[in-house]
Amino acid sequence: MSSLFLAPLQRRARLSLLFHCRALHTGGNSSSFVKPQSSVNDDEIAHFSKLSSEWWDERGEFSFLHKMNPVRMQFIRDKLLEVAQDENPELGSEGGEVLRGLDVLDIGCGGGLLSESLARMGANTLGIDASESNIAIASLHASADPKLSPTTSSSNLSYLHGPAEALLVQPKRYDVVCSMEVLEHVENPAEFLSTCAQLVKPGGHLFMSTISRTPLAYALTILLAEDVLRQVSSGTHTYSKFIKPSELVQFFREYRPSQLHSPENQNVLHESQESSSSTPWITTPASSSYLSRIEAELRGLIYNPLRAGWHLAPRSAWGALECNYLFWVRKPKE
């Protein structure tokens with residue numbers, strides 16, 4: 001199986017382990033000013049659009065995500081509370097209010113499973129998805145609850161159809177950006193990660209969940225879930241698109257903010273990453289597997305078939321990152 005990441009252009013040689021060949025493809029349509037490469041994969045969008053009507057069937061195509069959602073929310077709440085308590089030791093240990101009032105973006109929101117949970121916890125939530133039918137289902141489901149219905153003025157939940165890159169030209173940035181089970185489906189992973197990072201406020205948080213590129217992950221997510229048990233539609237996952245935790249961590253060790261185009265500056269797409277003096281998101285050296293808990297964290301997501309449920313693996317548990325995993329990283333304040 002070929003490596004997920006290929007050698008990039010010479011001017012970005014230091015990122016050679018991080019840029020998948022898909023990140024070097026030109027994508028998207030032209031407009032009045034140059035836009036970043038599109039991370040949207042039309043085949044992936046078509047696949048999930050066909051399944052959009054099943055998003056809220058807890059026993060259907062997305063049953064694994066329904067069972068995973070409480071664990072993802074637990075990780076988000078616990079991490080935000082941990083950071084808040086570090087900055088304010090007098091803060092209580094209850095995490096129920098930690099999301100209240102925060103501006104949260106859910107990229108690749110699908111039918112709104114995570115978006116609704118975030119909104120119910122008090123976050124001002126925007127869910128965005130490149131599938132129009134997904135957004136239609138998410139909006140329809142939310143409309144059944146007067147507190148969440150995007151059509152009511154008091155709602156703290158809204159949805160938008162489009163790629164995440166479309167938000168970059170707007171000034172708004174978010175306290176928390178989430179993108180769950182999306183990275184393994186995008187066309188340009190490095191470009192997508194850059195987009196996610198740029199949408200986070202300084203000092204804000206990025207949460208992701210995805211699948212590692214290992215034989216175990218192939219056996220469980222493709223061979224077993226798709227081909228044998230048929231609990232997931234065939235073709236949902238592509239092994240070569242899976243991202244190893246080490247690759248994700250290394251991306252944020254090397255990442256520097258890109259200077260995107262604006263209508264006032266139409267001649268340069270990105271500022272060279274090497275020319276930026278910004279603080280790296282992850283400061284530990286590549287030779288170390290250690291991650292400072294105030295900068296980033298990896299946690300394995302383990303499925304227990306006997307209990308038909310997911311749970312978070314303990315920190316540093318052996319083998320926990322071989323399949324599904326969660327990732328958190330904080331944007332430097334400066």
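Where is the place of serine 158?

**View 1. Serine 158 in strand 3.** The place of serine 158 is in strand 3, strands being DSSP runs of E with at least two residues and helices runs of H or I with at least four, both numbered from the N terminus. This is a predicted model, in which local features need pLDDT of at least 70, side-chain atom pairs count only at pLDDT 80 or more, and totals for chains, interfaces and linings use all residues. Residues are numbered from 1 along each chain as its sequence is written, and side-chain values use heavy atoms, with hydrogens and water left out. Serine 158 is partly exposed, at a relative accessible area of 33%; buried means under 20%, exposed over 50%, and partly exposed in between (1.4 Å probe, protein chains only). Leaving aside neighbours within four places in sequence, serine 158 is in contact (heavy atoms within 4.5 Å) with Thr125, Leu126 and Gly127. Threonine 125 is 33 residues away from serine 158 along the chain, yet their C-alpha atoms are separated by 6.4 Å.

View 2. Strand 6 (residues 296-304) and strand 7 run antiparallel and are joined by four bridges. Asparagine 304 stands opposite glycine 309 in strand 7.

**View 3. The bend in helix 2.** Helix 2 (residues 63-87) has 25 residues and reaches 37 Å from its first C-alpha to its last, close to the expected 36 Å. The expected span is 1.5 Å times one less than the number of residues. At asparagine 69 helix 2 bends by about 35°, and proline 70 follows within four residues. The bend is the angle between axes fitted to the seven residues ending at a residue and the seven starting there.

**View 4. The largest nonpolar core.** A nonpolar core is a set of buried Ala, Val, Leu, Ile, Met, Phe, Trp, Tyr and Cys residues joined through side-chain atoms within 4.5 Å. This core has 35 residues, of which Leu105, Ile107, Leu206, Phe252 and Phe327 touch the most other members. Elements giving two or more residues to this core include strand 1 (103-107), strand 5 (200-211) and helix 7 (245-254). Helix 5 gives the largest share, five residues. Not counting residues up to four places away in sequence, isoleucine 107 touches residues including Ile128, Val177, Met180 and Phe192.

View 5. Glutamate 181 is in the loop between strand 4 (174-180) and helix 5 (189-198), and is buried, with a relative accessible area of 13%. Serine 316 is in the loop between strand 7 (309-312) and strand 8 (324-330), and counts as exposed at 77% relative accessibility.

Key. Pairing = 2+ DSSP bridges.
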